[in-house]
Amino acid sequence: MALVAGIDSSTQSCKVVVRDADTGVLVRHGRAAHPEGSEVHPDHWWTALQEAIRQAGGLEDVAAVSVGGQQHGMVCLDETGNVVRPALLWNDTRSAGAAADLIKTAGDGDAAAGARYWAGATGTVPVASLTITKLHWLAQNEPENAAKVAAVCLPHDWLTWRLMGFGPGSGAAGLKALVTDRSDASGTGYYSSADEQYLPEVLSASLGHVPLLPKVLGPLEPAGRTPQGCLIAAGAGDNAAAALGAGAGLGDVVMSLGTSGTVFAVSDIPAADPSGLVAGFADAAGHYLPLVCTLNATRVFDATAALLGVDLREFNDLALSTGPGAGGLTLVPYFDGERTPNLPDATGSLHGITRTNYTPANLARAAVEGVVCSLADGLAALQDQEVVARRVILVGGGAQSPAVQDAAARLLGVAVTVPKPGEYVADGAARQAAAALTGQFPSWGLDAVDLPAGKDDGGVLARYRRWAALHGQ
């Protein structure tokens, strides 16, 4: 029985799963926390990884390992292999101004023209989360550090590099061993997933010079081995790894309900959306992974449950106790602003209140339907990019709510699959490790509930879109 390990190095923690390469059966697992914040020294990730591996029983009997990691984080190395400064993570927003500057500059002062340029060149219009905007911020605000940058990599790249035995003091030879994969490279803002190549002119204009960049490996191409001989797969960005872990293939859309929401699809067509709503990423299996992000998901449920004085189980029961459409109540859930549509200063709103429908049950139902409708708009944005959606795979903490499942089946217009809760990113990385070991992705079974597409009784989605449109005026 060959064993493979999958690593999920996320913003909050590092998780390791060890699975049977043939069957996918979980053998053991481990977890360690990361420090909070949007600026973290990579050494903390390495320390957490060692602890998570220890808790998972070590890698001595593991044949292959792969790292799935948080995307976009800027890890800068000097010519010796030392970290130049703490990494800026995807959720660090100080580069928002740099993103706007990059768009305007590309369009000679015309933001719309600049957005079209970036969408065509990289598939993604710059936002604060992307690596390219953080490098531009570094050049503008820390020029001495920017000048020291000999190589740039991403969190999963750096951990793969460390697993291969490289690290501080490795020098030029060590830097040349840096590798990444197309899914993570596609989230940098200086890589074209459509053409599968870096764009050095973009880096030069943003950072001031072109540093060494990790070699982009194919889906089945190994990165190397640990000093103990364990094969290391190419790794992946967290969303691409999650798609693998959830068993998504062409025609599948993964809809994740966590603190925020994400909607991404496995597609054979690269996306290029000048509106900036759809990010044109690549996946970890040779296809594309267009992605939409929303800012408001399960925290809307938390806030509404707290207002009603109930726990989340009672909140779910309330939402199910009333009919679809919440008696005409519509909640537009832009509690924390919104990314899709791009309305950072928006607030939430409740519409259609009458003395008859203003009940706890209807308010709970409206909160659930509002979040699902918001994600449905994300799905529509993907479909505008010619994404084919035959099935939605519903994942994340919020996906386990029966009220969410009912609303999704009614409002999304396609069949819905709800997998058993799991560590999708780490599981996807384990699948990639098995593929690197055997030469093909394993067909591990997925324990899931399938829900047929239902009917939008009462025109809930149309009513939601009518009210939501007011926020853009």
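**Cavities and aromatic rings**

The second largest cavity holds about 40 Å³ of space. This is a predicted model, in which local features need pLDDT of at least 70 and side-chain atom pairs count only at pLDDT 80 or more, while totals for chains, interfaces and linings use all residues. Residues are numbered from 1 along each chain as its sequence is written, and side-chain values use heavy atoms, with hydrogens and water left out.

A cavity here is a set of points, on a 1 Å grid over the protein atoms alone, where a 1.4 Å probe fits but cannot get out, and its lining residues have an atom within 4 Å of a point. Grid points are joined across faces, edges and corners, and the volume is the space filled by probe spheres set on the points. Around the second largest cavity, the lining includes Val152, Leu154, Thr188, Tyr190 and Tyr198. Sorted by class, that lining has seven nonpolar, two polar and one charged residues; Ala, Val, Leu, Ile, Met, Phe, Trp, Tyr, Cys and Pro count as nonpolar, Asp, Glu, Lys and Arg as charged, and the others, Gly among them, as polar.

Some of these names turn up again around Thr131. Leaving aside residues up to four places away in sequence, Thr131 touches Val152, Leu154, Thr188 and Tyr190, among others (contact means heavy atoms within 4.5 Å). Thr131 counts as buried because its relative accessibility is 0%; buried means under 20% relative accessible area, exposed over 50% and partly exposed in between, with a 1.4 Å probe and protein chains only.

On to the rings: the whole structure has six aromatic pairs. Rings of Phe, Tyr and Trp (its six-membered ring) pair if their centres lie within 6.5 Å, and planes under 30 degrees apart count as stacked, over 60 as edge-to-face and the rest as tilted. Tyr117 and Trp118 have ring centres 5.5 Å apart and planes at 75 degrees, so this pair is edge-to-face. Tyr191 and Tyr198 also pair edge-to-face, at 5.5 Å centre to centre and 75 degrees between the planes. Tyr191 is buried, with a relative accessible area of 2%, whereas Tyr198 is partly exposed at 21% relative accessibility. Together with Tyr190, these two tyrosines make one aromatic cluster.

Rings also meet charges. The charged end of Arg94 sits over the ring of Trp137, 5.1 Å from its centre, and Arg182 lies over the face of Tyr288, 5.4 Å from the ring centre. The test is that NZ of Lys or CZ of Arg is within 6 Å of the ring centre and within 35 degrees of the ring normal.

Note on methods
On a 1 Å grid over the protein atoms alone, a cavity is a set of points where a 1.4 Å probe fits but cannot get out, and a pocket is an open set with protein on both sides within 12 Å along at least five of seven lines; lining residues have an atom within 4 Å of a point.
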